[in-house]
Amino acid sequence: MPDQLLYALEVTLNGLMAGVLYSLVALGFVLIFKASGIFNYAQGVMALFAALTLVGIQEGQVPFSHLINAIFGTEIHHFGWTVPAILAIMLTAAVMVVFAWAVERFVLKHLVNQPDIILFMATIGLAYFMEGVGDLMWGADIKKLDVGLPQGGSIWLEENTAWLGGDGFYGFFIDRLDIVATVVAAILVISLTLFSQYSKQGRALRAVADDHQAALSVGISLRFIWVLVWSIAGFVALVAGIMWGTKSGVQFSLSLIALKALPVLMLGGFTSIPGAIVGGLIIGVGEKLFEFFIGPMVGGATENWFAYVLALLFLVFRPQGLFGEKIIERV
Amino acid sequence: MRLKKLAAVTAAAITMASPVMAELVFPSLSYRTGPFAAGGVPFADGYADYFTLLNERDGGIGGELTRVPECETAYNTEKGVECYEATKGDGALIYQPLSTGITYQLIPKVSADGIPMHTMGYGRTSAANGKVFEWIFNYPGNYWDSASIMVKHALDMEGGSLEGKSIALLYHNSAYGKEPIRTLEELAEKHGYNLTLIPVDSPGQEQKSQWLQIRREKPDYVFFWGWGVMNQVAIQEAANIRYPMDHFIGVWWSGAEPDVLPAGDGADGYKSTNFTGTGTDYPIFDDLQTYVVDKGLAAGDGQSLGQVQYNRGMYAAMLAAEAVRKAQEIHGVSAINAAQMRDGMEALEVTAARMEELGMPNFGPEVNVTCENHGGPGMGLIQQWDASAQKWVAITDYIQSDREVINELIMEDSAAYAAENGIEERCN
Amino acid sequence: MIYREAGDFKTSYRKDSQTFPLKFDRVAYFVLLAVAFLVIPFIINDYWANAVLVPFLIYAIAALGLNILTGYAGQVSLGTGGFMAVGAYSCYKLMTGIDIFGVEFPPLNIFLSVIVSGGITAVVGVLFGLPSLRIKGFYLAVATLAAQFFLVWLFNKWGWAYNHSASGQINAPERSVFGIIVTGPETAAWAKYLFCLVFVFFVAWIARNLTRGAAGRKWMAIRDMDIAAEIIGVNPLLAKLSAFAVSSFFVGIAGALFFSVYLGAVEVGEAFGIQKSFLVLFMVIIGGLGSIFGSFAGAAFMVLLPVLLKNVLVGALGWPTDLAAHLELVIVGGLIIAFLVVEPHGIAQLWRLAKEKLRLWPFPH
């Protein structure tokens with residue numbers, strides 16, 4: 001095979017993997033939007049917050065230590081213990097449940113029946129709030145996140161594909177972290193599907209997504225469902241935070257991954273879990289191939305906008321996204 | 001602790017508010033939040049701690065106490081302007097914003113207000129021409145110096161010739177990242193290497209395409225101009241594709257501890273330029289420990305002493321303090337003003353002997369500033385990350401950049417600025 | 001007891017559609033104008049101009065623009081930052097002398113430059129508004145992000161836009177109106193302030209009159225239900241695109257002023273990034289959707305609050321700057337949520353309610 005084709009193939013493969021990472025973030029958006037019609041801008045900050053909490057718990061950091069030290073003149077930073085990764089992840093998940101409860105109790109409960117844009121703004125307020133709280137709790141420095149995930153190119157794959165091309169071809173490059181991410185994403189989607197199809201709560205969830213009032217009338221507690229769905233979204237954020245945080249360290253910029261997920265949402269539809277996955281894959285592959293073929297001609301760094309333009313063009317032809325529910329308008 | 005201290009200071013300030021204390025004011029436009037906090041925090045700590053040390057140990061500079069009012073910019077230009085306006089009335093002697101964006105913002109403003117600005121290794125490169133930029137200084141080196149030093153180091157590694165070699169520049173797609181392009185192009189002509197430009201859009205969280213391109217094209221060297229999260233991701237990705245790390249050389253803003261730590265062992269061997277020494281093996285750190293950290297006066301938690309950005313902040317403060325001494329000497333007054341500060345900076349001479357006296361032997365290059373040359377010597381060293389010891393190790397001595405090439409570019413750019421803004425050359 | 005009136009007696013249509021139906025409000029409005037034009041310029045200093053008033057005025061223009069699009073016409077846009085960038089770069093090109101296909105135009109007067117930049121932005125706005133004919137709601141909001149990211153990328157890449165300067169920064173040269181310098185470092189605080197104030201005054205005046213006329217009613221009909229509006233004879237194409245055009249015109253003016261008068265030097269990614277879009281949207285929602293007063297209130301809230309918080313926490317209480325900055329985020333976020341919970345229709349609605357109460361006080365029955 002000619003090298004150029006091999007390279008294109010390699011770019012495609014990596015695009016798929018990047019797409020999975022985008023999907024992980026998009027998934028959180030979809031879950032919340034489906035169940036409560038809220039476009040949750042804070043999803044990115046939730047990922048940051050979850051990752052910060054995870055590292056903090058793992059390393060035994062004292063929360064709010066900077067604030068405490070400033071007020072009381074103490075010098076505390078660490079509890080002096082470290083927590084194993086698995087336990088820390090479970091504890092963080094518990095924190096995210098508490099967070100979901102707090103959001104329902106202090107924000108959503110008071111905003112029932114408000115227009116979408118108000119709810120959207122509330123989540124932006126929430127994003128600011130959590131960013132501040134995250135910094136206050138755990139400090140603003142960059143933290144290394146290590147839960148034992150493998151990283152680096154897969155050497156096995158490289159060695160076994162090098163013969164495909166000429167001398168200059170090293171074999172396909174795939175980051176092992178991306179492979180893990182793909183597996184995790186697959187497990188996540190399958191378990192979410194199973195949960196929503198076969199469990200009682202899952203069915204209630206779908207009922208709420210379908211029609212709030214009808215669900216209320218058959219005795220489903222809307223508030224419980226919201227806490228549940230925000231908890232799940234919090235957990236998805238944690239997973240996304242782990243994957244992205246392992247790559248870049250845990251820091252403020254982690255919250256910006258939300259921006260990578262928005263075109264995925266547009267493309268896949270706000271209400272479809274498979275849409276988030278497929279949309280992510282299309283965006284991932286599309287932007288990488290565009291950068292590969294067209295990027296050099298226009299000076300590169302096209303990825304930030306290309307995803308949006310692709311989604312925009314797509315929407316002009318299909319305004320509800322790939323798998324979104326058909327928009328029916330009545331006067 | 002700091003609150004108590006600050007409360008005490010405020011109380012003291014209120015009780016004796018009427019006679020304004022003659023103090024030397026060094027506003028610190030720092031950023032301890034936002035996407036670049038990891039670089040901003042230790043720098044601001046080093047800057048503040050050095051002045052605290054001078055106050056505690058020597059009673060200030062030439063008998064005048066120093067004061068470092070901090071203002072948070074979050075690396076945001078609008079907040080930077082707010083901070084500048086809020087602090088300039090206090091008798092500010094010098095500004096060091098540690099942000100290229102804010103620097104461009106402030107160049108016209110400080111020139112109109114007559115307050116010197118020192119942009120150490122960042123900002124507008126052509127400010128090195130003191131004939132045009134009366135108030136702006138960027139000694140001991142600028143972006144173009146760094147680019148040239150990187151090329152020189154590559155020359156060294158290749159045994160003197162880069163003919164037919166290829167260099168890729170991976171850069172932050174902004175004013176900051178585009179700075180070295182022109183210099184590297186000029187040097188490419190001189191040394192005969194091929195230059196590939198690979199931009200990464202801010203923030204730089206996702207660089208897979210760029211690193212796949214590097215893996216395909218296999219440049220002999222990757223030069224790197226990143227900042228913020230882009231640094232950590234790039235070093236991680238370089239480790240992922242198993243790029244030879246000693247051929248991966250970053251600018252001085254891409255070579256601090258937070259940049260390499262997240263990548264763990266993979267970052268071992270990564271190089272960057274720097275213009276100060278690292279570590280705490282200098283006598284001055286003993287004084288810092290006794291007079292500042294142990295007394296609980298440190299700006300941070302005292303953990304960052306010796307880190308790259310901390311030392312850099314401290315070095316910046318040292319250069320400012322030395323300039324104040326010079327100004328006091330020239331004008332024969334201890335309470336100098338901003339204009340006298342500029343005279344001090346233009347006559348600044350930091351020799352190796354002087355640095356030895358200050359307890360910082362060979363901490364930075366010898367600096368000599370004149371009215372014409374605001375850019376200092378243009379020297380820097382190459383440091384390499386040792387992942388097992390978790391520290392940066394200087395692997396070269398201070399390297400002189402190719403000022404012949406660079407000066408030409410500086411003259412060209414500053415002449416354009418002078419023409420655009422109707423500035424007449426001074427120092428004649 | 002400041003409002004004294006009995007009943008709602010209006011004897012002509014003119015009186016009915018007055019902007020300020022109450023005499024007290026009218027007087028207050030003119031007093032406010034007089035203070036803004038005749039008093040503040042004499043007492044303003046650098047800090048107040050550069051850190052508070054000029055950004056407030058400029059953001060008020062941007063918020064007015066976005067409010068027309070989002071508040072009146074119901075099209076959520078997250079492309080404000082990108083459109084401001086168009087305004088800023090157009091203004092730069094116009095004030096330094098534009099060259100198109102080898103034809104050189106001399107530098108345009110700064111006043112005209114700002115207005116023409118608004119016009120150019122309006123054209124760009126209409127272009128990016130076209131998808132709104134098919135895409136609605138949040139899909140549209142995210143689609144306008146395409147404009148945001150594409151425009152920022154374009155101005156970063158396209159050397160012509162920044163006159164091929166080495167770093168891609170644009171710097172505002174010194175320009176004057178009637179011999180008074182309004183851009184560049186030598187500008188006096190009052191000149192900056194007055195220059196922006198004049199624009200704010202006219203923009204608000206235009207906005208008010210557009211929104212209470214036929215154009216405004218069409219926009220609101222589209223906002224409330226576009227299909228129904230179409231049936232009663234509102235052309236959605238014209239209504240939506242005109243909203244995009246007017247909105248972008250204002251936003252473009254804001255961008256031009258932001259660059260030339262306020263900052264003087266900008267870099268597109270930093271100054272006109274996605275954060276700016278969100279900030280302006282915040283102002284509109286906090287202030288009140290579909291309200292001229294709300295745009296001002298929202299801009300004031302979002303510009304003044306951080307400065308105020310900082311001055312209180314750092315200046316008065318002496319907190320370390322980083323803790324103060326983190327707390328600032330917590331407080332701003334908390335306040336936004338609290339505001340939405342207490343009054344989802346923004347400050348403008350609070351103001352209206354307060355006025356209603358005042359009119360009835362002390363006899364609420």
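This is a predicted model: local features need pLDDT of at least 70, side-chain atom pairs count only at pLDDT 80 or more; totals for chains, interfaces and linings use all residues.
Leaving aside its neighbours within four places in sequence, C:Val142 is in contact with A:Leu262, A:Leu265 and A:Met266. C:Val142 sits in helix α6 of chain C. Is C:Val142 buried or exposed? It counts as buried, because 24 C-beta neighbours lie inside 10 Å. One further relation within chain C may be noted: C:Val142 and C:Ser132, 10 residues apart in sequence, are separated by 11 Å in space, C-alpha to C-alpha.

Let me turn to the interface of chains C and A as a whole. Chain C contributes 38 residues to this contact, and chain A contributes 40 residues. On the chain C side, the elements that each supply at least two residues are α6 (137-157), α9 (226-231), α12 (274-287) and α14 (321-342). Which of the elements gives the largest share of that side? It is α14(C), with 13 residues. By class, the side of chain C that touches chain A divides into 31 nonpolar, 3 polar and 4 charged residues.

I now move to chain A and its helix packing. Helix α11 of chain A, residues 257-268, and helix α14 of chain A, residues 303-317, have axes that come within 9 Å and cross at roughly 15°. That angle is under 35 degrees, which makes α11(A) roughly parallel to α14(A). The crossing of these two helices is left-handed. From α11(A), the residues in the contact are A:Pro263, A:Met266 and A:Leu267. They meet A:Ala307, A:Tyr308, A:Leu310, A:Ala311, A:Phe314 and A:Leu315 of α14(A). In terms of class, this contact has 9 nonpolar residues, no polar residues and no charged residues.

Next, the architecture of chain C. This chain holds 15 helices and 6 strands. Its radius of gyration is 21 Å, close to the 21 Å that the globule rule gives for 365 residues, so chain C is as compact as a globular protein of that length. The C-alpha trace spans about 70 × 60 × 45 Å along its principal axes. Of the 365 residues in chain C, 53% are buried. Among the contacts in chain C between residues at least 6 apart in sequence, 76% join residues at least 24 apart.

Helix α3, residues 46-72, packs on helix α13, residues 292-316, at an angle of about 140°, and the axes are 8 Å apart. The two helices α3(C) and α13(C) are therefore oblique to each other, and their crossing is right-handed. On the side of α3(C), the contact residues include C:Pro55, C:Phe56, C:Tyr59 and C:Leu64. On the side of α13(C), they include C:Ile292, C:Phe296, C:Val303 and C:Leu304. The contact of α3(C) with α13(C) comprises 15 nonpolar and 4 polar residues, and no charged residues.

I close with some backbone details. Most residues other than glycine have a negative phi, and most peptide bonds are trans. In chain B, the peptide bond from B:Tyr139 to B:Pro140 is cis, with omega near 5°. B:Pro140 lies in the loop between β6 (136-137) and α5 (143-157) of chain B. B:Tyr75, which is not a glycine, has a positive phi of about 65°. Its place is the loop between β4 and α3 of chain B, and B:Tyr75 is buried, with 26 other C-beta atoms within 10 Å. In chain C, C:Asn163 has a positive phi of about 50°, although it is not a glycine. C:Asn163 belongs to the loop between α6 and β3 (170-171) of chain C. With 16 other C-beta atoms within 10 Å, C:Asn163 is partly exposed.

Technical notes
Residues are numbered from 1 along each chain as its sequence is written. Chains are lettered from A and ligands numbered from 1 in the order in which they are written. Axes are lines fitted to C-alpha atoms, for helices over the stretch in contact, and angles run from 0 to 180 degrees between N-to-C directions. Helices (H or I, at least four residues) and strands (E, at least two) are DSSP runs, numbered from the N terminus. Angles under 35 degrees count as roughly parallel, over 145 as roughly antiparallel, 65 to 115 as roughly perpendicular and the rest as oblique. A crossing is left-handed if the near helix is turned anticlockwise from the far one by less than a right angle, and right-handed if clockwise. Two residues are in contact if their C-beta atoms, placed from the backbone, lie within 7 Å. Ala, Val, Leu, Ile, Met, Phe, Trp, Tyr, Cys and Pro count as nonpolar, Asp, Glu, Lys and Arg as charged, and the others, Gly among them, as polar. The radius of gyration is taken over C-alpha atoms; the globule rule is 2.2 Å times the number of residues to the power 0.38. A residue is buried if 20 or more other C-beta atoms lie within 10 Å of its own, exposed if 12 or fewer, and partly exposed in between; C-beta atoms are placed from the backbone.
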